[in-house]
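Hi,

Here is the structure I said I'd pass on. Have a look, and my notes on its salt bridges and strands follow below.

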Amino acid sequence: MKTTLATLIATLASSVLVSSAAHAAALDQFKAFVSGTKSAKGEFTQQQLRKSANSKATPPSSGSFVFARPGKFIWNYQKPYEQLLQADGDQLYIYDKDLNQVTVKKLGNALGSSPAAILFGSNDLEKNFTLSEAGTRDGLEWLNAVPKARDTTFEQISIGLRDGIPQAMELKDTFGQTSVLKFTNFQRNPSLGAQQFKFEIPKGADVINN
């Protein structure tokens, strides 16, 4: 599932000062978000960008999410088809409603350098990512997160923030595809129940352990 030059020296100097402050704000906002956000919930849309004008556009996906650090989350695709990804801090459950099938994986270090680690993982992001400023675009302050591991399927993750909250993520994979996530109704540190992330196997579902 997506940076202006000034021609006059005086304008350029002014732009550099403003730009530097804005760029610093992106990384500062992100680190403050990670350290100060223990849980969150909201809604998302996800769209894979076309690689070229002749490429076929894929339909956007949408749904809701809730997470509690570290490693607990519910990522619920509702449209165009239903799929649930849920982690309880130990196991990851992937439920395909149409197939009535649950795939169970050991969470372990699976988050690692994946996009999920940005939102759901531990606070030690710089262990798995190289973070850098990426300027201002679309009214957001952007930063890039490049996975340090070589076996990840993503080569770069970009995060756009406003007022200390992630508003968008762009995921560039090793196949040259880019997916764009946009977040709405983002709530930080909501009150969550103790059993919020306990997954119940749906009746009659096939279970596959990986």
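The count comes to 5 salt bridges, taking one as a side-chain nitrogen of Lys or Arg within 4 Å of a carboxyl oxygen of Asp or Glu. Before the details: this is a predicted model, so local features need pLDDT of at least 70 and side-chain atom pairs count only at pLDDT 80 or more, while totals for chains, interfaces and linings use all residues. Residues are numbered from 1 along each chain as its sequence is written, and side-chain values use heavy atoms, with hydrogens and water left out.

One of the salt bridges joins Glu126 and Lys31 (3.8 Å, N to O). That pair links distant parts of the chain, 95 residues apart: Glu126 is in the loop between helix 2 (115-120) and strand 7 (129-137), and Lys31 is in helix 1 (residues 9-36). Helices (H or I, at least four residues) and strands (E, at least two) are DSSP runs, numbered from the N terminus.

Another is Asp90 with Lys106, the closest N and O atoms being 2.6 Å apart. Asp90 lies in the loop between strand 4 and strand 5 (91-96) and Lys106 in strand 6 (residues 101-106), so this pair ties together parts 16 residues apart in sequence. Lys106 counts as exposed at 53% relative accessibility (buried is under 20%, exposed over 50%, partly exposed in between; 1.4 Å probe, protein chains only).

There's also a salt-bridge network linking Arg137, Asp138 and Glu170.

As for strands, strand 2 (residues 61-68) runs antiparallel to strand 3 (residues 72-79), joined by 7 bridges; pairing takes at least two bridges found by DSSP. Gly71, in the turn of their hairpin, has a positive phi of about 75°.

Cheers
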